[in-house]
Structure formats: structure tokens, C-alpha cells
Amino acid sequence: MVINNNSSTWREVQYGVPQGSILGPLLFLIYINDLSKSVLDKSIPILFADNTSFILTSYDESELRHKANEVFNIINKWFHSNSLILNYNKTYFFAISN
């Protein structure tokens, strides 16, 4: 039987949530919770695991575009102030109309 006495070194987390930790999912939810609050008056935020969606509604297409740009700018500011980077390759705008 081989016993490996290797262990990771301790490091201080300056911001964010350490990956692989037992408390990681809970800490992530606490960390990300104020993102949805920042746009609550302009959209309906939906958070699931590490995915976030925002539902916006309007009967007027130009108003919808204005709302979407406004929410996008708020999200960008939130990411910047929390030292995070928004992955533009995974960011989509999806419009449904009748």
C-alpha cells in the first residue's frame, strides 16, 4: 500500500470562490446573488448553478432593445466591480415575438 502525503498549499482567496471546495456552491450563490438584485427593476433574473439569464419584456421592439442594452451595461459594470470577466462567446440575446 502506497500512502501519498502530498497536499495543496494554503493560499488566501482575494476574491471569487475557490473551485473544488465543499462550500464552493454555497459561496458562489452568496457571491453572485447581488447580480440579480442589480437588475431586478429592469428584468426577471434567473440563476441556476453558474448560468444566469435575464428575461425582459416589451410590446415595443425599440424599448426592448433599450432595456436589453441597459441591463447588459449594468451586468458589465457588476462584473467589472467584482473583478470578473463576462464571457462574450457564451453571451446570447434571444428575442421572441408574435
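## Salt bridges, core and surface of a predicted model

K42 is partly exposed, with a relative accessible area of 25%. In this predicted model, K42 belongs to the loop between helix 1 and strand 1 (44–48), while E70 lies in helix 2, so the pair ties together parts that are 28 residues apart in sequence. The side chains of E70 and K42 form a salt bridge at 3.8 Å, N to O. E70 is partly exposed as well, at 30% relative accessible area. K42 also meets the side chain of D41 in a salt bridge, and D41 is exposed, with a relative accessible area of 63%. Through these pairs, D41, K42 and E70 are linked in a network of salt bridges.

A search of the whole structure finds three salt bridges. They are set out below.

| Salt bridge | Distance, N to O |
|---|---|
| D41 and K42 | 3.1 Å |
| E70 and K42 | 3.8 Å |
| R65 and E61 | 2.8 Å |

R65 and E61 are four residues apart in helix 2, which means that about one helical turn separates them. Both of these residues are exposed.

The interior is considered next. In soluble globular proteins, nonpolar side chains tend to be buried together. Here, the largest nonpolar core consists of eight residues: I32, L35, V39, V71, I75, W78, F79 and L86. At least two residues of this core come from each of helix 1 and helix 2 (61–81). Helix 2 gives the most, with four residues.

Leaving out residues up to four places away in sequence, W78 touches Y31, I32, D34, L35, S38 and L84. L86 is located in the segment after helix 2 and counts as buried because its relative accessible area is 16%, below the 20% limit.

S36 is a buried residue of another kind. This serine lies in helix 1 and has a relative accessibility of 12%, so S36 counts as buried. Its side chain reaches the backbone oxygen of N33 at 3.0 Å. Apart from neighbours within four places in sequence, S36 is in contact with P45 and L47.

The surface also carries nonpolar side chains. I22, L23, L26, L27 and I30 form a nonpolar patch there, with about 560 Å² of accessible area together. One of these residues, L26, is placed in helix 1 (residues 24–38).

How values were computed:
Residues are numbered from 1 along each chain as its sequence is written. This is a predicted model: local features need pLDDT of at least 70, side-chain atom pairs count only at pLDDT 80 or more; totals for chains, interfaces and linings use all residues. Side-chain values use heavy atoms; hydrogens and water are left out. Patches are made of residues with over 30% relative accessible area and no salt bridge: like charges are joined within 9 Å, nonpolar side chains (Val, Leu, Ile, Met, Phe, Trp, Tyr) within 5 Å. Accessible areas come from the Shrake-Rupley method with a 1.4 Å probe; for residues, only the protein chains shown count as cover. A salt bridge is a side-chain nitrogen of Lys or Arg within 4 Å of a carboxyl oxygen of Asp or Glu. Buried means under 20% relative accessible area, exposed over 50%, partly exposed in between (1.4 Å probe, protein chains only). A polar contact is a pair of N or O atoms within 3.5 Å; within protein, one must be able to donate a hydrogen and the other to accept it, and residues adjacent in sequence count only if both atoms are side-chain atoms. Contact means heavy atoms within 4.5 Å. A nonpolar core is a set of buried Ala, Val, Leu, Ile, Met, Phe, Trp, Tyr and Cys residues joined through side-chain atoms within 4.5 Å.
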